[in-house]
Amino acid sequence: MLEPTPSVEIRGLMAELETLASISEAAAPSKITAPHKVTASSEIIAPVVTRVVFSNADLRARAYVKDLCQAAGLSIREDAVGNTFCRWAGSEPGLPAVATGSHIDAIPNAGAYDGTVGVLGGLEAIRALQRVGFQPRRSIELVIFTAEEPTRFGIGCLGSRMMGGVLSPEQALALRDRDGRGLEELRTAAGFTGNLKTVALASGHFHGFVELHIEQGPLLEREGLDLGIVTHIAAPASMRIAVEGEGGHAGAMLMPDRHDALAAAAELILALEAAAKTTGVIDTVATVGVCEVFPGAVNSVPSRVLLETDIRDTDASRRDGVLASLRVAAEEIASRRGVRIGFKLINADPPATCDTGILQAVQSATEQSGYTSKRMVSRAYHDSLFVARFAPVAMIFIPCRGGVSHRPDEYASPEWIAAGVDVLARTLAVLAS
Ligand code: HGY
Ligand code: MN
Ligand code: MN
């Protein structure tokens, strides 16, 4: 039993989360009508958070969090792509550190808790241990990962992928955003100028890594549980698909003569949905989250469509089966409709299995605190998926209201957050002792 009990100051943490949420590219209205509901009564008070990596908001948010870390006496190191390591030196600083952390970048029109609970909650776990005089033997590092979200470059977990050696400097330098700007231009403008080769970390760099995160699903709240102990992280794959048809006048071009790229894309989207629904297990999911239509004029037959797909499963081969079915469907649609369909695989990552030792530490900390919990799979991916390439990892989930995430009405209560921080603090203390 860790004595004395970590003292979590949840009011201060909630205020910091609120301040961080106000640092956004989105106009933060005081009141918005929840985009998913249309009734007048569905007005909610929520910040609309947009914080894309290397944007002005991202840099302001980084500065805010670093100030809080410095105030807690942590030393700060930033790597060549902006992964930020805030270190509480242990009595044996030469030993591999224990780490926690997550991300503060946010997709457009998002909420206040995705990622930030793991960063500010991780900092609060450290402060909760400091307040009771705990002295770690191993240093404890809070990590803020660069670009967990795929918004800017179309690939998720850029920073942790490079840390894990999954994305090479050459591959990273080839990435471009929608305006054609590359990593080199954006990272140097943000002040990160180190050698990209130094981002990758050696196996065993961390003694253990524990990430605190909202579940981004409904199970914990629905089952009235305090915490989730994550055993596996689903395997994500994303692809860009270009559908090339033939444009023309929406009035004069007769239907038999058309090769409508958007109509073909629509069939492809439905084929993807059918492939995901027919694997026989609930763990297979697929979405087309981006659809760009050219020329995008109401009276012009679409000549070109760009789709971005997100396909996941806890089993990589089942996921790859969905990718294969999509390609077969595309061939049939292309020949029947006289269009060309090209695929570009962005990533197809294996799932991660969390470390039994770290899981046990989380389990014991949960039981010591008296919280209820269940072991579960993470269907969202997280930086832990790539930290697992070079260190033993586990994740702690807290409930989020209605399972809602990646929306302004994403919400985690102070009670839920405090429970997660308390168990994280106890887990870190055990791993760092
Ligand atoms: O998409 C994900 O799973 C994560 O929230 N970026
Ligand atoms: Mn997210
Ligand atoms: Mn996240």
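Predicted model: local features only at pLDDT ≥ 70, side-chain atom pairs only at ≥ 80, totals over all residues.
**N347 and its neighbours**

Leaving out residues up to four places away in sequence, N347 touches I155, R161, P236, A237 and S238. Contact here means heavy atoms within 4.5 Å.

I then placed N347 in the fold. N347 sits in strand β16, residues 340-348. Strands are DSSP runs of E, at least two residues long, and helices are runs of H or I of at least four, both numbered from the N terminus.

Is N347 buried or exposed? I find N347 buried, because its relative accessibility is 8%. The cut-offs are under 20% relative accessible area for buried, over 50% for exposed, and partly exposed in between, with a 1.4 Å probe and protein chains only.

Next I checked polar contacts of N347. The side chain of N347 reaches the backbone oxygen of P236 at 3.4 Å. P236 is also among the residues that N347 touches. With D349, N347 makes a side-chain to side-chain polar contact of 2.6 Å. A polar contact is a pair of N or O atoms within 3.5 Å; within protein, one must be able to donate a hydrogen and the other to accept it, and residues adjacent in sequence count only if both atoms are side-chain atoms.

**Salt bridges**

How many salt bridges does the structure hold? I noted 29. The criterion is a side-chain nitrogen of Lys or Arg within 4 Å of a carboxyl oxygen of Asp or Glu.

I followed R181. R181 meets D177 in a salt bridge, 3.3 Å from N to O. R181 also forms a salt bridge with D179, and the closest N and O atoms lie 3.4 Å apart. R181 counts as partly exposed because its relative accessibility is 29%. D177 is buried at 9%. D179 is exposed at 61%.

I then took D313 and R318. Their side chains meet in a salt bridge at 2.7 Å, N to O. D313 has 0% relative accessibility, so D313 counts as buried. R318 is partly exposed at 26%.

Which residues do shared partners join into one network? I listed E9, E16, E124, R127 and R131.

**Bookkeeping**

Residues are numbered from 1 along each chain as its sequence is written, and chains are lettered from A and ligands numbered from 1 in written order. Local features need pLDDT of at least 70, side-chain atom pairs count only at pLDDT 80 or more, totals for chains, interfaces and linings use all residues, and side-chain values use heavy atoms, without hydrogens and water.
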